[in-house]
Amino acid sequence: MSAEKVSSFRTKKNCLLVFRNKKINVFDGAEGVISAFSGIGYYFDKISYIAYDRAEEIVNALRDGKTNYENLYIFCPFTMDNTLKAFLTALYSSEFDGKGIMNSGTDHVFMLYSDKENELSYDDIKSVLDTKYGRKYEKSYIKIYGVSVSRLNSVIYQAKQKCADVDFSISESYGDYRIEITYPNSISKEVFDSVIRTVVGGLNENIYAMDDISLAERLFQLLKLRRAKISVAESFTGGGIGKKLVEIPGISEVYCEGLNTYSDVSKIKRLGVKQFTLDRYGAVSEQTAYEMAEGLRRENGSDVCIATTGLAGPASDGSQKPVGLVYIAVAVGEDFSVFEYNLGGSRENVTNTAINLALFHTYKLLK
């Protein structure tokens with residue numbers, strides 16, 4: 001029986017061989033490969049960890065991959081590249097292309113390196129496999145803010161029970177989550193809609209978009225829809241909110257003004273914050289945040305005003321208030337809301353989380 005015939009009867013598709021130093025039992029890189037692979041909708045039937053210096057074990061593993069699997073994935077240090085490729089070229093009677101893909105006609109081998117940047121991307125692998133197996137996928141997106149990890153995991157688990165063929169890839173930046181949903185176009189609309197209803201029902205209050213746009217872009221859309229002008233007065237966020245807004249093409253339609261009022265003098269002169277307020281409550285306070293937003297609205301008449309004041313660290317300001325204490329004031333027309341947070345982590349985390357919180361609260365209040 002020919003090799004092609006043997007291959008056609010195999011049911012095992014994907015085998016990952018991880019080559020490592022036997023003295024090191026940490027597999028962080030390999031775990032990244034496994035996670036990324038599942039993110040493109042495929043899974044390994046077998047994963048083997050092989051020591052660098054076990055020549056016989058290496059040869060046996062490569063031959064097993066050739067005999068029993070349709071696709072072999074090599075994850076190794078770049079120093080093993082030439083040796084492994086030479087052996088695999090002879091084993092499969094085929095050559096690797098410039099990206100590290102071998103196509104022998106019925107079988108594929110993919111080379112990934114643990115210690116250098118790979119030219120071969122997971123999108124490249126997905127494209128090869130989708131073509132090979134005739135799989136076509138669609139993508140959908142949901143953007144959410146401020147959900148707990150446990151709640152998000154619970155909702156995604158429930159959604160997966162509706163259809164196991166729907167895959168979720170989740171990324172997060174300072175509380176802002178991007179959910180990428182990948183699904184075969186062969187599943188029915190009814191089934192897919194039930195998956196989406198489960199996610200939306202579980203995360204409704206945290207959802208700000210059903211497509212792949214940023215918080216700032218979503219707020220911009222809403223401001224245009226409401227024909228509203230926005231202004232920002234920032235203390236510890238240092239213009240970060242304004243920067244996210246002005247990066248959007250066409251923002252001049254809705255953006256009026258952005259002020260960085262760090263000092264007490266600036267808050268008094270530019271925004272009309274009272275000296276009494278600063279003396280009694282401090283620059284980092286609910287009262288000061290309110291007066292900053294109120295002064296901004298009073299001075300330029302914007303429909304929407306955001307003000308931020310807080311302690312980003314690394315040290316406090318001598319007021320006995322904790323690092324991470326943040327106040328965000330949002331005025332929509334004559335309605336004012338002030339939000340207090342005690343944020344943890346680094347200075348960068350406090351600042352960027354507060355920026356996203358300000359954008360999200362403003363979107364929710366304007367909505």
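In the predicted model, the charged end of Lys85 sits over the ring of Phe96, 5.4 Å from the ring centre.

A search of the whole structure gives nine aromatic pairs. Tyr73 and Phe110 form a stacked pair, with 5.0 Å from centre to centre and 10 degrees between the planes. Tyr73 belongs to strand β3 (residues 71-76) and Phe110 to strand β5 (residues 108-113), so this pair ties together parts that are 37 residues apart in sequence. Both Tyr73 and Phe110 are buried. Ring pairs also place these two residues in a cluster with Phe37, Tyr42 and Phe44.

Tyr290 has a relative accessibility of 36% and counts as partly exposed. Phe336 is likewise partly exposed. Its relative accessible area is 23%.

Helix α12 itself covers residues 286-300. At 1.5 Å a residue, its 15 residues should span 21 Å. The end C-alpha atoms lie 22 Å apart, which agrees with that expectation. Buried positions of α12 are Thr288, Ala289, Glu291, Met292, Ala293, Glu294, Gly295 and Leu296. An α-helix has 3.6 residues a turn, so residues three or four places apart point the same way. Gly301 follows α12 and has a positive phi, near 70 degrees.

Helix α12 packs against helix α10 (residues 264-271). The angle between the two helices is about 35 degrees, and their axes are 9 Å apart. From α10, the contact is made by Lys267, Arg270 and Leu271. From α12, Thr288, Glu291, Met292, Gly295, Leu296, Arg298 and Glu299 take part. By class, the contact of α10 with α12 has three nonpolar, two polar and five charged residues. Among the contact residues of α12, Thr288, Glu291, Met292, Gly295 and Leu296 are buried.

Note on methods:
Residues are numbered from 1 along each chain as its sequence is written. This is a predicted model: local features need pLDDT of at least 70, side-chain atom pairs count only at pLDDT 80 or more; totals for chains, interfaces and linings use all residues. Side-chain values use heavy atoms; hydrogens and water are left out. Helices (H or I, at least four residues) and strands (E, at least two) are DSSP runs, numbered from the N terminus. The expected span of a helix is 1.5 Å times one less than its number of residues. Buried means under 20% relative accessible area, exposed over 50%, partly exposed in between (1.4 Å probe, protein chains only). Axes are lines fitted to C-alpha atoms, for helices over the stretch in contact, and angles run from 0 to 180 degrees between N-to-C directions. Contact means heavy atoms within 4.5 Å. Ala, Val, Leu, Ile, Met, Phe, Trp, Tyr, Cys and Pro count as nonpolar, Asp, Glu, Lys and Arg as charged, and the others, Gly among them, as polar. Rings of Phe, Tyr and Trp (its six-membered ring) pair if their centres lie within 6.5 Å; planes under 30 degrees apart count as stacked, over 60 as edge-to-face and the rest as tilted. A charge sits over a ring if NZ of Lys or CZ of Arg is within 6 Å of the ring centre and within 35 degrees of the ring normal.
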